[in-house]
Amino acid sequence: EKIKFNRRKQPSVTEFVEKILSGDITFLSRAITLVESTNPKHQQKANEILDACLPHANNSTRIGITGVPGVGKSTFIEAFGKYLTSLGKKVAVLAVDPSSSINKGSILGDKTRMEQLVTDENAFIRPSPSGTSLGGVAQKTRESIILCEAAGYNTIIIETVGVGQSETAVHSMVDFFLLLKLAGAGDELQGIKRGIIEMADAIVINKADGDNTKNAKIAKIEFNRALHLYPPKENGWTPKVMVASALENKGIDAIYSMIDEYITDNKRELFFDKKRNNQNKFWLLETINQKLKDNFYNDPKIKELLNNEFSELEEGKTTPFSAASRLLEVSKNKKKV
Ligand code: GDP
């Protein structure tokens, strides 16, 4: 399969763009592969495609979904996605899973997930790009969002796991951020990270079915109480708590109505554009930071000098601060010549 792909002649940028705009999934996938490539030629082509697609992007609702493994993310996204396509929407599901590059195995799992959504012609599912850093993975995902939107997907779902900084990255690329939780035995609020509560626009207590129904309702009350201790967000929104059973398809429509209402209100009050603009500025700075760091650390001369400075440090001959100044100075002077 891969060999066949490589042997095929690369279509032109114009051809890529035309096909993507016509909703061609094969070309969309191939363009995302270019975005994800580390080959500079592919990246150059990807950038040209992205520039041409940009005027056709943006017209979507971007929803982030997070939660610990086992909480029911893929089951929920499948139920939610099927509901959205039944409303005539086109749904793209992307993922941000930096773990796949760290432990060589992804937490979010593989293609066996979301079996029904995979076969839905109005759904497009793409696993997490791999990368050496979360910044890299997140940037590729942001670029893929643009391609999906240009291909006519008007609802973009970005899935991530409750691990490390990936939630922060996804939060800064979506319009609405949903946290999936499970009801426990009254200790719901323990083990919930403060930051994540502040990021969530809604908490959905999943697996509210069977014997768990009552616990889910109790958890809902407790989460609501906890969320009211936080000030409302800048747009006046207080995060909502809802219960759902992804497995039994319960509560899915209510969750969509809530998000839809949120988006409509935010568009009317102009918070929607403001948030996206701020996100774009954030990503511009992030990309520069990333590039600067990559250029610095990938420089062979710096690599060598860095090792020397490590030795000097170990021998107590220098301080971290003067070592850093020297390295930065070298990098600065190299650029001048
Ligand atoms: P993920 O790791 O967060 O993607 O979780 P999965 O969607 O793979 O679900 C983990 C397990 O929980 C699976 O066995 C699902 O069938 C089950 N599950 C997911 N949602 C529900 C639900 O609403 N109710 C019940 N009872 N089980 C669920």
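Reader: How far is an oxygen atom of the ligand from an N or O atom in the side chain of S245?
Author: The distance is 3.4 Å, and a polar contact here is a pair of N or O atoms within 3.5 Å; within protein, one must be able to donate a hydrogen and the other to accept it, and residues adjacent in sequence count only if both atoms are side-chain atoms. Before we go on: this is a predicted model, where local features need pLDDT of at least 70, side-chain atom pairs count only at pLDDT 80 or more, and totals for chains, interfaces and linings use all residues. Residues are numbered from 1 along each chain as its sequence is written, and side-chain values use heavy atoms, with hydrogens and water left out.

Reader: OK. What does the ligand's nitrogen atom have 2.6 Å away?
Author: An N or O atom in the side chain of D209.

Reader: How much of the ligand does the protein cover?
Author: The protein covers 69% of the 580 Å² of accessible area that the ligand has on its own. Such areas come from the Shrake-Rupley method with a 1.4 Å probe; for residues, only the protein chains shown count as cover.

Reader: And how many residues surround the ligand?
Author: There are 15, each with a heavy atom within 4 Å of the ligand. The closest are G70, K73, T75, R113 and D209.

Reader: Which helix gives the most to that shell?
Author: Helix α5 (residues 73-86), with three residues. Helices are DSSP runs (H or I, at least four residues) and strands likewise (E, at least two), numbered from the N terminus.

Reader: New topic. Which residues touch the most other members of the largest nonpolar core?
Author: I20, I49, L147 and C148, in a core of 50 residues. A nonpolar core is a set of buried Ala, Val, Leu, Ile, Met, Phe, Trp, Tyr and Cys residues joined through side-chain atoms within 4.5 Å. Helix α8 (residues 134-150) supplies the largest share, seven residues.

Reader: Last one. What is the phi of L270?
Author: About 70°, which is positive although L270 is not a glycine. Most residues other than glycine have a negative phi.

Reader: Is L270 buried or exposed?
Author: L270 counts as exposed because its relative accessible area is 58%; buried means under 20%, exposed over 50%, partly exposed in between (1.4 Å probe, protein chains only). L270 sits in the loop between α12 and α13 (271-298).
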